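Subject: Structure handover and findings

Dear colleague,

Please find below the structure that I am handing over to you. My notes on it follow directly after it.

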Amino acid sequence: MADDIIAVKPEIAAKARIDAAKRAAMVAAEAKDPDAFWRGEMTRIAWMKEPTKIKAVDFNGDVSIKWFEDGVLNASVSCLDRHLATRGDQVAIIWEGDDPNSDAKVTYRELHARVCKLANAMRRLGVKKGDRVCIYLPMIVEAAVAMLACARVGAIHSIVFGGFSPDSLSSRIQDSECTLLITADEGRRGGRKVPLKANADEALLTCPSIRHVVVAKNTGGKVDMMEGRDHWWDALTEGEAAVCEPEPMGAEDPLFILYTSGSTGKPKGVLHTTGGYMVWASYTHQNVFDYRDGEIYWCTADVGWVTGHTYIVYGPLANGATTLMFEGVPSWPDNGRFWQVCAKHKVNIFYTAPTAIRALMRDGEGPVKKHDRSTLRILGSVGEPINPEAWLWYYRVVGDERCPIVDTWWQTETGGILISPLPGAVAQKPGSATLPLPGVKPALVDNEGNLLDGATEGNLVLLDSWPGQMRTIYGDHARFGQTYFSTFKGMYFTGDGARRDADGYYWITGRVDDVINVAGHRMGTAEVESALVAHPAVAEAAVVGMPHEIKGQGIYAYVTLKAGVEATEVLRKELVAWVRKEIGPIATPDAIQWAPGLPKTRSGKIMRRILRKIAANETEGLGDTSTLADPGVVQELIDNKVG
Ligand code: PRX
């Protein structure tokens, strides 16, 4: 079953932007003369000064990645200004509220005006090119406006997902020393309110760099406003002009920072620059989704994640698309919500995460079939491996076997999609992200970095750069080299493992490092551990991923308590609540096991391999435990496994 092949239907290939022959021609053209290929693709965005230099990349030494470096542009012009003459009155954003009775449509002309007004107000508040602006907003139109207004004035936005705690918000603001915060009174999700301004107020107690706060009125809930620091969005922008000179930006000037989890330490600020990122966002959005003028495109992600950056805002708007922004959740008011929204707005392209598909699958076909999905043409998946069963359900039940599925593999670091079928060109196999996009050079290596040929399994690397690649970790270029280019010399290491079959198709097997993927949300085990040990009762903690039917992976924590502390059910609940408060609800541990001791080597290193196996109930072949300081703790942990 897993190796089923679903061929490209001839009628789909005939109409697609890219069919198999075109794809082959693109791959060949890029291989023959990469600079000429990317010189052609760079014209998909608007330049104030066209680049003459295309690519300057060195994955060795200090690692330097530059694309289109002498070009000058402003990302907001590609997304807004250049569309005004041809599609000013076309809807740019359809907003669908958490409440099924609330929605709104914003044309390109209106969006341009709203962005300009905020950009002017930001300049008046003293925001300049290169300043960092934190955005902590729910899924409302203002989120897109804020991003584009930052781009307009050359400020670097750093979006923090609205589900993160005050502590998480504060540490991200501190790391990049943001001077402005843009937030809202409250958010809404699944009928509940999220106290964003109150969270922000708490975070700002420890953020001396913030000079101003812009607050969008969303729910109308009561909030505290600090005189001189806090400004209501509407009052602030009211008198501003609806035009604003875009800041000329070098192609390699930063566009945004987005914090993401790694194997160790605190989340790192992934930095993307302007020219290459915009080319990549446009190239991948148009080709992977085979986007055609006039279509309604919906990506269900939150703008707090990279998927929202590239595939709700920058990619679709650069391509003049109508992009849908959804404030709510798939299960509220009922679990037919996705399909109700598809029917209501006549969605053509739908892009979501496997965890949502698996959750909706549980309720059977009823909630899907109740709604008209005849406008759907392409279905997408992102964020984690999609199991063949969920893939086939998506294909058969949601897409009525009509719609190709694009399983898109990529990362915050890659800026956009790298491995994915092109719907008119590549046959699909349920569970495989299939083949690299033209211009992308994946490979598999063994643990020593030797390239592996043919059908095999190994560590997924990229041998060369693509325009959308991250350029550095904000404020820590040494960590950038160390994290991504030191494991395998001269290659970008993704942190993922993958299998490649005899057709050259890639099957991503998941992270091979200490990063876990919980319901498509990336989480560092070290972050959860440091939250746990910050609790006064905890002496030591080790966190691993465990298989979870819906979320893909769940969070399993082994906790050693301080001497004299009693292991009670009350304490277990308290620790769960503590982690939610420290990091945010997405880090909620699924299981906490009391561990009188942890399996350690004689040099004191925790053997996570063993802890992962115990959490997964795979205690048969635990492998070599002879190097453990105290092999007895393993049996003790197995005997007391929870869940
Ligand atoms: O493990 C891979 C998984 O998500 C990781 C990247 O997470 P993040 O930076 O949060 O970006 C998520 C959205 C792009 C990857 O290292 N991943 C992402 N897409 C897929 C996937 N695993 C399997 N199949 C995918 N299509």
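Predicted model: local features only at pLDDT ≥ 70, side-chain atom pairs only at ≥ 80, totals over all residues.

How many residues surround the ligand, and which are the closest? The ligand is surrounded by 16 residues, and Asp407, Thr408, Thr412, Asp496 and Arg522 are the closest; a residue is counted here if one of its heavy atoms lies within 4 Å of the ligand.

Residues are numbered from 1 along each chain as its sequence is written, and side-chain values use heavy atoms, with hydrogens and water left out.

The ligand site

A backbone N or O atom of Thr408 is 2.8 Å from a nitrogen atom of the ligand, and a backbone N or O atom of Glu384 is 3.3 Å from a nitrogen atom of the ligand. Asp496 places a polar side-chain atom 2.6 Å from an oxygen atom of the ligand. The ligand taken alone exposes 540 Å², of which the protein buries 95%; these areas come from the Shrake-Rupley method with a 1.4 Å probe, and for residues only the protein chains shown count as cover.

The shell comprises five nonpolar, six polar and five charged residues. In this grouping Ala, Val, Leu, Ile, Met, Phe, Trp, Tyr, Cys and Pro are nonpolar, Asp, Glu, Lys and Arg are charged, and the others, Gly among them, are polar. Strands β20 (405-408) and β25 (506-511) each contribute at least two residues to the shell. Helices (H or I, at least four residues) and strands (E, at least two) are DSSP runs, numbered from the N terminus.

Annotated positions

Under "binding site", an unreviewed UniProt entry lists Arg189, Gly190, Gly191, Arg192, Thr307 and Arg580. These positions are spread over 392 residues of sequence and also in space, up to 23.9 Å between C-alpha atoms. UniProt positions are given in the numbering used here, with feature names shortened, and annotations may be inferred rather than shown by experiment.

Gly191 sits in the loop between β9 (187-189) and β10 (192-194). Leaving aside residues up to four places away in sequence, Gly191 touches Asp98 and Trp332, where contact means heavy atoms within 4.5 Å. Thr307 belongs to helix α11 (residues 306-318). With a relative accessible area of 12%, Thr307 is buried; buried means under 20% relative accessible area, exposed over 50%, and partly exposed in between (1.4 Å probe, protein chains only). Beyond residues up to four places away in sequence, the contacts of Thr307 are Cys299, Ala301, Ile312, Tyr351, Val382 and Trp410.

The unreviewed entry assigns "AMP-dependent synthetase/ligase" to residues 81-462, a span that is 32% helix and 23% strand, with its end C-alpha atoms 35 Å apart.

Buried helices and residues

Helix α13 (residues 354-361) is largely enclosed by the rest of the structure, because seven of its eight residues are buried. The buried residues are Pro354, Thr355, Ala356, Ile357, Arg358, Leu360 and Met361. They pack against α12 (337-345), β18 (349-352), β19 (378-382), α15 (388-398) and β29 (552-561).

In helix α7 (residues 166-176), the buried residues are Pro166, Ser168, Leu169, Ser170, Arg172, Ile173 and Ser176. Their cover includes β8 (180-184), α8 (196-204) and α18 (569-582). Just after α7, Glu177 adopts a positive phi of about 45°.

Leu204 lies in helix α8 and is buried at 10% relative accessibility. Among its contacts are Ile173, Leu181 and Arg229. His285, in helix α10 (residues 275-288), is buried at 0% relative accessibility.

Yours sincerely

Key
Polar contact = N/O pair within 3.5 Å; in protein donor to acceptor, adjacent residues only side chain to side chain.
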